[in-house]
Amino acid sequence: MIVWLNGTHGVGKTTTAALVQELISDSRVFDAEKVGETLMDVSPGLPVTDNFQHWPPWRPLVVETARRILDYTGGTLIMPMTVLVEPYWREISAGLVAHRIPVRHFVLHADQDTLRKRIMSDTMMGPSTFRLNYLSPYERAFNDWLRDEAEVIDTGALTAGQAAAKISAAVVSDRSREPKRDHS
């Protein structure tokens with residue numbers, strides 16, 4: 001199974017993913033951003049873009065990498081990754097479904113004021129123009145399709161630990177009902 005944690009930059013996906021991993025036995029965290037970083041290292045570089053998700057190889061490579069990890073390890077793969085472009089999400093989720101990999105898609109959500117405060121007071125990364133620039137695209141995606149596509153966890157009044165507990169409770173319940181995949 002894949003537990004996909006979506007939401008805008010700065011909402012707490014990475015922190016929550018690590019906590020979810022601690023709560024779900026036989027789980028691992030895979031950050032699909034690493035696939036994008038690998039593509040950024042291609043030399044000479046791929047066509048210029050403001051987001052590696054726009055490169056057509058990124059999406060199938062994410063699917064294939066996740067599939068290979070699960071085939072090798074089994075269990076649950078927790079993937080904290082912002083995907084705000086609906087056709088990109090459709091391509092990724094269809095690829096996972098084609099491999100018969102169940103996906104639980106969660107969106108960590110907070111209102112714009114809460115997100116701005118979190119981004120501006122982040123003690124690890126500091127204030128981030130990059131993160132702030134994604135607030136409007138996130139809000140559009142959330143209102144247009146994302147909130148209907150995923151299970152929304154409103155983190156406005158929750159700690160990362162509380163959000164992780166909600167997610168893990170839903171996933172553990174789901175895992176107890178899923179058929180076992182052959183990992184040989």
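Predicted model: local features only at pLDDT ≥ 70, side-chain atom pairs only at ≥ 80, totals over all residues.
## Starting from isoleucine 2

Contact here means heavy atoms within 4.5 Å of each other. Skip its neighbours within four places in sequence, and isoleucine 2 still touches Ala66, Leu70, Leu77, Met79, Leu96, Ile101, Pro102, Val103 and Arg104.

## The nonpolar core

Isoleucine 2 also turns up in the largest nonpolar core, a set of 50 residues. Ile2, Trp4, Trp58, Met79 and Ile167 are the members that touch the most other members. As for where the core residues come from, helix H7 (residues 135-149) supplies the largest share, with six.

## Aromatic pairs

How many aromatic pairs are there? The count comes to four. One of them joins tryptophan 4 and tryptophan 89: the ring centres sit 5.1 Å apart and the planes meet at 75°, which is over the 60 degree cut-off, so this pair is edge-to-face. It ties together distant parts of the chain, since tryptophan 4 belongs to strand E1 (residues 2-6) and tryptophan 89 to helix H4 (residues 86-98), 85 residues apart. Both tryptophan 4 and tryptophan 89 are buried.

Another pair is made by phenylalanine 52 and tryptophan 58, and this one is tilted, with 5.7 Å from centre to centre and 50° between the planes. Phenylalanine 52 is buried, as is tryptophan 58. Tryptophan 58 is also one of the core residues with the most contacts to other members.

## The largest pocket

Now for the open space. The largest pocket has a volume of about 840 Å³. Helix H1 (13-23), helix H2 (33-40), helix H6 (129-133) and helix H8 (160-175) are the elements that each give two or more residues to its lining. H1 gives the most, with four residues.

In total, 31 residues line the pocket, and His9, Gly10, Thr14, Met125 and Arg131 lie nearest its centre. What is the lining made of? It divides into 12 nonpolar, 12 polar and seven charged residues.

## Histidine 9 up close

Histidine 9, one of the residues nearest the pocket centre, sits in the loop between E1 and H1. Is histidine 9 buried or exposed? Its relative accessibility is 16%, and the cut-off for buried is under 20%, so histidine 9 counts as buried.

Which residues does histidine 9 contact, leaving aside its neighbours within four places in sequence? They are Thr82, Ile119, Phe130, Arg131 and Tyr134. Of these, Arg131 is also listed among the residues nearest the centre of the largest pocket.

How values were computed
Residues numbered from 1 in each chain as written. Heavy atoms only, no water. Core = buried A, V, L, I, M, F, W, Y, C linked by side-chain atoms within 4.5 Å. Buried < 20%, exposed > 50% of the residue type's maximum accessible area, 1.4 Å probe, protein only. 1 Å grid on protein atoms, 1.4 Å probe; cavity = no way out; pocket = protein on both sides within 12 Å on 5 of 7 lines; lining within 4 Å. Points joined across faces, edges and corners; volume = space filled by probe spheres on them. Nonpolar A, V, L, I, M, F, W, Y, C, P; charged D, E, K, R; others polar. Phe/Tyr/Trp six-rings, centres within 6.5 Å; stacked < 30°, edge-to-face > 60°.
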